[in-house]
Amino acid sequence: GWDSSAFGTMQGSETFLNVFVFFLIFAGIILDKMGVRFTAVLSGAVMFVGAIIKYYAVAESFKGSGLETWFTNNLNYIPIFDELGVSPFYRGMPASAKVAAVGFMIFGCGVEMAGITVSRGIVKWFKGREMALAMGSEMALARLGVATCMIFSPMFANLGGKVDVSRAVAFGVVLLMIALIMFIVYFFMDKKLDSQTGEAEEKDDPFKISDIGRILSSWGFWLVALLCVLYYSAIFPFQKYAVNMLQCNLTFTEPTGFWASETVTIVQYVIMLVVAAGSFASNFSKNKGMKFGLMALAIVSLVVYCYMGYMRGSAASVFAVFPLLAVAITPILGNYVDHKGKAASMLMIGSLLLIVCHLTFAFILPMFKGQAVGGIIVAYVTILVLGASFSLVPAALWPSVPKLVDAKVIGSAYALIFWIQNIGLWLFPLLIGKILDKTNPGVTDPVALNYTWALVMLACLGIAALVIGIILKRVDAKKNLGLELPNITEE
């Protein structure tokens, strides 16, 4: 019952508190002051609470409740924020979307806090060693979460033949509960490591306002931050709309028999894990026969996975292929940056691939509307290449930050970059929703939308990121920032 504007506004709300209440800056201060372990557990708890609120917003029990009435009648005008045009609510926005937005705001605080904490934790463990490989591997495995959601959410939403979106959100809540437990386990493991090495947990000097000045005075920092916001704004907001975009451009046949069953979802997910495990493990195999055997297994499994996605007639399972190539090549790219360098050059290549993919979705994929096989091939290839492009960022960008700022303010530096990034993650889901409404007047069928201009906007972000990447490489050459140098330092 939500239109594109309500959906886009709710999706953009994830980063609202981080951007406009500066929570991410406070998260960086907490991280620098309290250390990685405390902040990790806190971020997990905040995410869990936000997800529970979002679940209640779309649950049946919310409908007809007093809370629904209150949210319908209130939060239709937020002073100052409405004047600035950045309010996370608007008059006429469904009450369920408002409450979901509140939950998403809280979740967003936790998820971005977790992001800077994980990055800081990896720097603590791997600085001077295989840091890019560690960050790339962590991000590659994390991308499986995207695929897991894409594959299982429709299954849970359609259980028993009755559509209920809240079941898919409940699935996310359960995963976050497990994640919180894992953060707690990490707390004790990290503490044990410090006791074994005889070191106290790494904490920084007390935060001072001058720290922000030290970070912001770096040209390299600003270029990396701008590259980050442009690149991620062309990826994460797109992920929120990608399934619907594919529904609007691909021609599916109605699945029957085994292909329409819930069993096929589980089988396809197992095959996806084989693809991910085989391709990921091949990076670390010393035996050539084993290495190529794992790669061959991953390739065959990927073909089987893609065939199953086509037979299922599910846009969600088609887009779930997005992280699989990233899982395979991110460790390779990270290992290359560790030993050979060239981080700035890789960021430029990633931007080029991003531009090509969004323009393909905008102009080439619609040409195959009505051609089931041709359209699905174009979609799969483009999604895989987009995933490969995405893998260039964690492998090259995040390990570059410690080269640009003092070690004592790394937590604050990551927080500032994430804050700048969050401005884009707040703005562009909202803009995509508004562009869809403006360019599809009178269209009420959600699978009949024209995504051309929304995708062109995302391609323009890629062009801007490419320009910033070129400037960054030139600045690196002039000021010797070390972005093109390997991460592993010789003893």
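F22 sits in the loop that joins α2 (16-20) to α3 (23-34); helices here are DSSP runs of H or I with at least four residues, and strands are runs of E with at least two, numbered from the N terminus. This is a predicted model, in which local features need pLDDT of at least 70, side-chain atom pairs count only at pLDDT 80 or more, and totals for chains, interfaces and linings use all residues. Residues are numbered from 1 along each chain as its sequence is written, and side-chain values use heavy atoms, leaving out hydrogens and water.

**Loop residues with positive phi**

- The phi of F22 is near 60°, a positive value in a residue other than glycine.
- F22 has a relative accessible area of 42%, so it is partly exposed (buried is under 20%, exposed is over 50% and partly exposed is in between, with a 1.4 Å probe and protein chains only).
- L75 lies in the loop between α5 (66-73) and α6 (81-84), and its phi is also near 60°, positive in a residue other than glycine.
- L75 is partly exposed, at 25% relative accessibility.

**Packing of α5 and α7**

- Helix α7 covers residues 95-126 and packs against α5 at an angle of about 90°, with the axes 8 Å apart (axes are lines fitted to C-alpha atoms, for helices over the stretch in contact, and angles run from 0 to 180 degrees between N-to-C directions).
- The two helices α5 and α7 are therefore roughly perpendicular (65 to 115 degrees; under 35 is roughly parallel, over 145 roughly antiparallel and the rest oblique).
- From α5, E68, F71 and T72 meet A95, K98, V99 and V102 of α7, where contact means heavy atoms within 4.5 Å.
- By class, this contact of α5 with α7 has four nonpolar, one polar and two charged residues (Ala, Val, Leu, Ile, Met, Phe, Trp, Tyr, Cys and Pro count as nonpolar, Asp, Glu, Lys and Arg as charged, and the others, Gly among them, as polar).
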